[in-house]
Amino acid sequence: MRRQMSYRFEDQDASPMAVRMNRRFSRVESGADLKDYFDRGDIASRENRWNFEVAWEVANKVGGIYTVIRSKAYVSTEEMGEQLCMMGPYKEQCARTEMEEMEFPRGNPLLDAVNALRSRGYKIHTGRWLVDGNPQLILFDIGSAAWKLDQFKLEMWEKCNIGVPHLDIETNDAIILGFMIAEFLEEFRNFAIAYSQNNELSAPRIVAHFHEWQAGVGLIVLRTRLVEIATVFTTHATLLGRYLCAGNTDFYNNLDKFAVDEEAGKRQIYHRYCLERGATHLAHVFTTVSEITGYEAEHLLKRKPDIITPNGLNVKKFSAIHEFQNLHAVAKEKINEFVRGHFYGHIDFDLDKTLYFFIAGRYEFGNKGADIFIESLARLNAMLKHEKPDTTVVAFLIFPTKTNNFNVDSLRGHAVIKQLRDTINNVQQAVGKRMFDTCLKGHIPGPDELLQKDDLVKIKRCMYAMQRDSMPPVTTHNVADDWNDPVLSSIRRCQLFNSVHDRVKMVFHPEFLTSTNPLFGIDYEEFVRGCHLGVFPSYYEPWGYTPAECTVMGIPSVTTNLSGFGCFMQEHISDPKSYGIYIVDRRYIGLENSVQQLTNFMMEFSRLNRRQRIIQRNRTERLSDLLDWRTLGIYYRQARVKALQAVYPDYVDESTLYGSRNNLIFSRPHSEPPSPSSSRHTTPAPSVHGSDEEDSVDEETELKELGMK
């Protein structure tokens, strides 16, 4: 395991109150929500202001940035309307289901620019993205411009001294896409100027927002060609940072010591690093998704971010507080069905007293914190045996990796349980019919009249089929090279084999969850709703969508102060733990202490009774407003305004966006205790009524039980 950070990033003598990262970045704060600017582009149209958003993952599902762009599309179109256009590569397999192709209206400068590039032999697809908001879309067929790759590379070398290896296909594609987008934007600007002059409009003000290094090539070309367009560059995670952490490096202790050029060269990514660093320095405004990533960018890319732009989600609000609790109960029952099948023959625990913990994400064993999660589960197992032997924790690890096929024992278990259920249902119907017929004759049926010998034989056959000599498997699939698999190796080391005596049961599911999955039969979102606690003790996590998704669904989660999400919650909530956000310290204490802290958090959660967990879920769900794009999207708007003012000094935004306040002001949700930023340090108190069976808690009772009158 990698050594942890044991001292502060800078001020060694900082007071305890300065545990959070010092505010070293010029962060724009605002008391406004983005929804204050939802006019479908009316103001932008009057100002002749255009916004282009460029990313490799526009209508192209590859990774986390796809989630960012897709989920933000609705608020972006509500703000910018037809003045917004998203651009990316044309990937036919994704575009067939994600895009509705159509041409821009005649006379629109977008159509003129598209036709100008088509006349050069480029294939360009236009239309709308089939997501909430239906933003305008321009996708570029990279293959149609591949014949100009050498010319593009030559220009990149002559102007930037960046050489790209011929065999690096991913970078070659990024070069082609970048030049195609730059040529389009240059043509669009020329047509927009002519259109404005012909229609007596003000001069067009154009801002292009580029995400990650693959799209950043277009920014570099625009700036080296001196095209007058405002540019914003956002890095969601530095390229070199990912490689360094993947190599089990003591990353945060050595951030200021890395010889970045040498490290990039060792990993044969120096040309990619140069492209990312070039886009970072050439952008008018540089942003990152969290302050921890901003600190990383300052040392690896040598520029402090101008604005922090946290990632949000589209939050679905419920009219009644019990609705998401009902969804939790329904989803939990589906997980119960899986557990009955997976652990058949060893169901020696009460499902009503079973808690479901999970971790999910890319299979980066150390970066995602799976190493300390499994170690903490082993310690939790020992504590539960001693303190709460009637409580069982089932821990799910959802990490996609290479497998051969499903585990036969898992499939057999679900078949056996289905057979038993069908048999019981048939017997139940037969017993009901006999009872009805006997009662019609005027007397009460006896036991022998209801349950006949044939019925008992059928039930016994099913019960004998459920017997098994082996312990339930720890994985649902046959993992390729399982002896060297890090999760399975760690489970073996900690001896978490799902024995009868273990209070912590392990389930490693090495593929993403979908509704077509023959074992679970539910998608990831429904699975999250059915669990009790998400555990994400990441070492390297620039933002952290997994705990954010838990929060908006009202599921408590564990995160760390090395993730962007954890830092964000620490900054904006006085007592995150009382709102179901447990933050493990992986920055200032040693690894052993972090493991023990995580163990204590999980044990503390296991001690909560049902009523206390309901109260905590209610409180967790109230934080969803903090993570809504309607709240966090304002930072993207501020980044664009700042870029526009850098290129067009005469541009004045209609609203007063800039202030010097230390905290965001979030609108208070309905029926809530004091706002998160002023919450007192409380944890759910024991139920006054001593009841574990209540499914809802009214506001006054909740405040009283939590000591927050």
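## Charges over aromatic rings

A charge sits over a ring if NZ of Lys or CZ of Arg is within 6 Å of the ring centre and within 35 degrees of the ring normal. In this predicted model, Arg 468 places its charged end over the ring of Tyr 344, at 4.0 Å from the ring centre. Lys 72 likewise lies over the face of Tyr 636, 4.6 Å from the centre of that ring.

## Aromatic pairs and a cluster

The structure contains 30 aromatic pairs. One of them joins Phe 52 and Phe 184 in an edge-to-face arrangement, with 6.1 Å from centre to centre and 80° between the planes. Phe 52 belongs to strand 1 (residues 49–54) and Phe 184 to helix 6 (residues 169–198), so this pair ties together parts that are 132 residues apart in sequence. Both Phe 52 and Phe 184 are buried.

Helix 6 also takes part in a pair between Phe 179 and Phe 152, the latter lying in helix 5 (residues 149–160). The ring centres of Phe 152 and Phe 179 are 4.5 Å apart and their planes meet at 10°, so the pair is stacked. The two residues are 27 positions apart, and their pairing links distant parts of the chain. Phe 152 has a relative accessible area of 1% and is therefore buried; Phe 179, at 1% relative accessibility, is buried too.

Elsewhere, a single aromatic cluster is formed by Phe 338, Tyr 356, Phe 358, Phe 396, Phe 520, Tyr 524, Phe 527 and Phe 536.

## Packing of helices 14 and 16

Helix 14 (residues 408–440) and helix 16 (residues 453–465) have axes that come within 10 Å and cross at roughly 165°. Because angles over 145 degrees count as roughly antiparallel, helix 14 is roughly antiparallel to helix 16. The crossing is left-handed.

On the side of helix 14, the contact involves Arg 412, Val 416, Gln 419, Leu 420, Thr 423, Ile 424, Val 427 and Arg 434. Helix 16 contributes Asp 455, Lys 458, Ile 459, Cys 462 and Ala 465.

## Positive phi angles in loops

Lys 302 has a positive phi, near 65°, although this residue is not a glycine. Lys 302 is located in the loop between helix 11 (291–300) and strand 9 (307–308), and its relative accessible area of 39% makes this residue partly exposed.

Asn 498, also not a glycine, has a positive phi of about 60°. Its place is the loop between helix 17 (486–494) and strand 14 (504–509). With a relative accessible area of 2%, Asn 498 is buried.

How values were computed
Residues are numbered from 1 along each chain as its sequence is written. This is a predicted model: local features need pLDDT of at least 70, side-chain atom pairs count only at pLDDT 80 or more; totals for chains, interfaces and linings use all residues. Side-chain values use heavy atoms; hydrogens and water are left out. Rings of Phe, Tyr and Trp (its six-membered ring) pair if their centres lie within 6.5 Å; planes under 30 degrees apart count as stacked, over 60 as edge-to-face and the rest as tilted. Helices (H or I, at least four residues) and strands (E, at least two) are DSSP runs, numbered from the N terminus. Buried means under 20% relative accessible area, exposed over 50%, partly exposed in between (1.4 Å probe, protein chains only). Axes are lines fitted to C-alpha atoms, for helices over the stretch in contact, and angles run from 0 to 180 degrees between N-to-C directions. Angles under 35 degrees count as roughly parallel, over 145 as roughly antiparallel, 65 to 115 as roughly perpendicular and the rest as oblique. A crossing is left-handed if the near helix is turned anticlockwise from the far one by less than a right angle, and right-handed if clockwise. Contact means heavy atoms within 4.5 Å.
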